[in-house]
Amino acid sequence: MPIIELNNISKSYDHHSNVIDDFNLSIEQGEFVVFLGPSGCGKSTTLRMIAGLETITNGDLMIKGKRQNDIPAKNRDIAMVFQSYALYPHMTVFDNIGFGLRVRKVKKTLIKEKVERAAALLNLTPYLKRKPKDLSGGQMQRVALGRALVRDTDIFLMDEPLSNLDAKLRSIMREELVQLHRKLGATTIFVTHDQTEAMTMGDKIVILNNGKVQQIGKPTEIYHYPKNLFVASFIGAPAMNLLALKKESTHFVFASDIVETPDFTKELDELILGIRPEDCHISTIEGYPFEITFIEEMGSDQFIHGISAGQKVIIREVPDKKFQIGEQVFFAINPRKISWFDKETGERLRLKMEKNQSEQLRVNHG
Ligand SMILES: Nc1ncnc2c1ncn2[C@@H]1O[C@H](COP(=O)(O)OP(=O)(O)OP(=O)(O)O)[C@@H](O)[C@H]1O
Ligand SMILES: [Mg+2]
């Protein structure tokens with residue numbers, strides 16, 4: 001049985017437009033699920049509905065098989081970590097971590113035991129007597145986590161918990177959180193707008209845009225098989241190249257060249273060819289004409305920006321090749337790595353072969 005289920009969840013503040021629209025998701029025990037999407041897409045709203053801090057306009061929220069819509073936040077078996085750590089400045093680390101327990105009148109000896117256990121897990125033992133102002137950002141973040149840990153729940157909700165940290169500390173905390181998750185095995189929903197966090201931490205990523213779920217899948221699935229143009233351009237830095245192709249009589253053409261296309265399940269006159277920068281390379285002899293307009297040296301590799309048939313293309317190349325701005329070369333693409341999209345709907349195109357295969361599977365498996 002899934003531990004958390006969102007069934008057709010919608011939210012509107014003004015009863016006209018939905019800020020969350022028909023959200024469906026099923027989370028298994030111990031999964032680390034990431035909500036990823038641009039600012040304002042509804043990540044926090046969804047998390048707050050799960051926590052009980054926001055009412056649910058429509059649909060059912062189930063936790064461990066029980067409907068939660070009318071259960072107040074304090075009675076839901078959940079711990080939440082917020083972006084602002086909201087630590088009490090006048091209290092020590094010990095008191096900050098144990099605060100919720102004290103409010104709930106838990107026995108002093110039990111509070112001490114729980115706080116010390118959480119502090120040990122989070123490497124905070126040496127800092128228990130300090131005040132928040134004498135801690136680093138990462139240590140403050142860990143105190144906020146500690147407060148969630150002592151709640152003795154197996155569900156954690158985290159809303160951009162790392163966004164106040166600098167880049168280096170973020171990557172350290174990323175690793176620490178993943179390790180903590182391995183140790184505790186608690187079901188976690190982690191909200192972020194940082195795709196690196198999503199890709200590296202999530203068992204499963206839910207991509208949201210404008211209150212609508214765009215795709216749910218494993219990080220590699222989402223990276224290699226984006227379901228639509230939004231996901232294709234949102235995941236990956238630099239983004240996937242998206243080239244518009246037009247049909248001329250019987251074939252699709254790019255830069256006056258015929259492009260081999262598979263058989264799609266629908267007839268189209270225009271489509272989008274999606275190819276990642278690392279699945280292209282620059283050639284001096286073959287491919288589509290390409291004028292280099294800009295070079296980004298990253299150290300580990302270089303991103304070559306340019307124009308081909310009036311369209312922008314970015315190519316990832318190894319660092320030791322030398323290129324020049326203004327150079328006229330060619331670029332070739334790995335045909336096995338192409339994603340095809342319907343230009344009109346923005347949806348990933350299904351191939352006839354895929355359809356046959358899935359029908360075959362259905363036949364074989366009843
Ligand atoms: N109390 C409210 N009344 C009306 N609209 C609201 C309210 N709270 C949030 N919204 C709207 O709901 C939408 C989703 O907001 P939400 O805070 O969930 O976005 P988010 O994905 O968490 O964004 P961010 O990455 O910036 O934190 C936004 O368009 C926001 O303006
Ligand atoms: Mg938010």
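Select Ser283 and look at its side chain, which reaches the backbone nitrogen of Glu286 at 3.0 Å. The model on screen is predicted, and every distance given in this tour is computed from it. Ser283 belongs to strand 15, which covers residues 280–283. Is Ser283 buried or exposed? Its relative accessible area is 10%, so it counts as buried, the limit for that word being under 20%.

**Helix 2**

Next, select residues 93–103, which form helix 2. Colour Val93, Asn96, Ile97, Gly98 and Leu101, the buried residues of this helix. What covers them? The cover includes helix 3 and helix 4, the latter at residues 137–149.

Move to helix 3, residues 108–121, and show the side chains of Lys112 and Glu116. These two side chains meet in a salt bridge, with 3.3 Å from N to O. Side chains of opposite charge can pair when their charged atoms come close. An α-helix has 3.6 residues a turn, so residues three or four places apart point the same way. Lys112 is partly exposed, at 45% relative accessible area, and Glu116 is partly exposed too, at 36%.

**Other salt bridges**

The count of salt bridges in this model comes to 22. For another one, select Arg67 and Asp70, whose closest N and O atoms are 3.4 Å apart. Asp70 is exposed, with 67% relative accessibility, while Arg67 is partly exposed at 41%.

Then select Lys247 and Glu267, a salt bridge with its closest N and O atoms 3.6 Å apart. This pair links distant parts of the chain, 20 residues apart. Lys247 is in strand 11 (residues 241–248), and Glu267 sits in the loop between strand 13 (257–259) and strand 14 (270–275). Glu267 counts as exposed at 72% relative accessibility, whereas Lys247, at 26%, counts as partly exposed.

To see salt bridges that share partners, show Lys11, Arg48 and Glu54, which are joined into one network.

**Ligand 1**

Finish at ligand 1. Which residues surround it? They are Tyr13, Val19, Pro38, Ser39, Gly40, Cys41, Gly42, Lys43, Ser44, Thr45, Glu160 and His193. Sorted by class, this shell has 4 nonpolar, 6 polar and 2 charged residues.

- Tyr13: an N or O atom in its side chain is 3.3 Å from a nitrogen atom of ligand 1.
- Cys41: here a backbone N or O atom lies 3.2 Å from an oxygen atom of the ligand.
- Thr45: a polar side-chain atom is 2.5 Å from an oxygen atom of ligand 1.

Lastly, show the surface of ligand 1. Taken alone, the ligand exposes 640 Å², and the protein buries 56% of that area.

Key: Residues numbered from 1 in each chain as written. Chains lettered and ligands numbered in written order. Predicted model: local features only at pLDDT ≥ 70, side-chain atom pairs only at ≥ 80, totals over all residues. Heavy atoms only, no water. Near = heavy atom within 4 Å. Polar contact = N/O pair within 3.5 Å; in protein donor to acceptor, adjacent residues only side chain to side chain. Areas by Shrake-Rupley, 256 points an atom, 1.4 Å probe, with all protein chains shown as cover. Nonpolar A, V, L, I, M, F, W, Y, C, P; charged D, E, K, R; others polar. Salt bridge = Lys/Arg side-chain N within 4 Å of Asp/Glu carboxyl O. Buried < 20%, exposed > 50% of the residue type's maximum accessible area, 1.4 Å probe, protein only. Helix = DSSP H or I, 4+ residues; strand = E, 2+ residues; numbered from the N terminus. Contact = heavy atoms within 4.5 Å.
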